[in-house]
Amino acid sequence: MKYVIILPDGASDEPLAELGGRTPLEAAAIPHMDAIARAGRLGRVVTIPPGFTPGTDVGTLTLMGYDPRTCYSGRAPMEATARGLTTTPDQLIFRCNFVHLAEGRMRDFTAGHIAQADAAELIAALNAAEFPGETCAFHPGVSYRNLMFLSRAAGLGLACAPPHDIADQEVDRHQPRGEGSERIRAIMARARQVLADHPVTRRRRAAGEAWATDIWLWGQGVQVPLRSLRERYGLRGALITAVDILRGIGVGMGMDLIEVPGATGYIDTDYAGKGRAAVRALADYDLVVVHVEAPDESAHQGMAGEKVKSLERIDQAVVGPLLEALRGCGEHRILVAPDHATLVRSKGHDALPPPFCYAGTGIGPGSGRPFSEAEAEAGGDFLEQGYTLLDAFLGR
């Protein structure tokens, strides 16, 4: 049996006036996703358990069959795993975003999707700077997405807001809170001084580009091991993604990572390249997972039309070719499942249970309905324990 899972990040949404009262999934031309929903099982799934902040980390863990209530370690530790980084027992790992603050508001949580070379220079500058009373190490990631390791911090009880959930909002209301929060605020304040007159900052300002005024620390935690895909199901898996949080989960699951040139983790990603790589991977793997970040990024930018386009590109360049390839593979199943909702209106994540659909060998009878939030609610299943979806899809 061949299995395929497609994760259109943040695809679920709410009805939007600019789309004629439809959600992006309803407005998009997605004939292949619709075909899967009509031929197989359709429903909604709770990917974000009560008490958890909606995000790709929690949502994807749930979809991959892990109960976040027992194995969630924080977003940053998963990204550290993706990069082969390990900590000492006293360290806490933070996601470190380069952001642009102005007039006290989160104007750009990506610092203009800062170029990799610019981000690397700024990370080097932070590592060369003194942070009085602290031992912290900064590690480069992808563009604005980086990491910080903080010593003497493993037991801190902190609450830190994801920057993409507070777009255009006053940042003072979302500063770190809890035990040790004064330390985190002091590190962020010192970093602001380091970045203020850096050559990268001067160059980007002169070019009229958004620049990194600050770092924003969040997603903190310690590394927690996951049971592997082979141990749990006896399957060999491959993952295609362009973002470190997915890479970290994949590495933790013991999956092979397939890198695709031109996959950016943004709306300009190479959809067709991902589709071709996934089709090729079917020859060597039992389970192929394809993650596409673009719907989430579009919603974070408040771009309803771009979110619709991203869903159409996923359907055409990823879902369609995989459906065609699976027909020649004998027994197979295919699942489409967003990790969470990302709302164009608020530009943030939401815990609304997203729709899912899967079809293939031994699945039936079909729902007869297209793939959307409303159709899933009206005529589909509801999985309150979201981590059980993978077992159901795999027939375990």
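Analyst: Happy to. Keep in mind that this is a predicted model. Start with Asp-381, which counts as partly exposed at 33% relative accessibility.

User: Why is Asp-381 called partly exposed?

Analyst: Buried means under 20% and exposed means over 50%. Asp-381 has 33%, so the label is partly exposed.

User: What makes Arg-41 and Asp-381 a salt bridge?

Analyst: The cut-off is 4 Å between a side-chain nitrogen of Lys or Arg and a carboxyl oxygen of Asp or Glu. Here the closest N and O atoms are 2.5 Å apart. That is within 4 Å, so the pair qualifies. Arg-41 sits in strand β2 and Asp-381 in strand β17, so the bridge ties together parts 340 residues apart in sequence.

User: How do you know whether Asp-214 is buried or exposed?

Analyst: Its relative accessible area is 7%. Buried means under 20%, so Asp-214 is buried. Asp-214 also meets Arg-192 in a salt bridge, at 2.5 Å from N to O. This pair links strand β9 with helix α7.

User: Why is Arg-192 called partly exposed?

Analyst: Arg-192 has a relative accessible area of 40%.

User: What makes Arg-107 and Glu-103 a salt bridge?

Analyst: Their closest N and O atoms are 3.5 Å apart. The limit is 4 Å, so they pass. Glu-103 is exposed, because 67% is over 50%.

User: How many salt bridges does a search of the whole structure find?

Analyst: The search finds 28.

Key: Residues numbered from 1 in each chain as written. Predicted model: local features only at pLDDT ≥ 70, side-chain atom pairs only at ≥ 80, totals over all residues. Heavy atoms only, no water. Helix = DSSP H or I, 4+ residues; strand = E, 2+ residues; numbered from the N terminus. Buried < 20%, exposed > 50% of the residue type's maximum accessible area, 1.4 Å probe, protein only.
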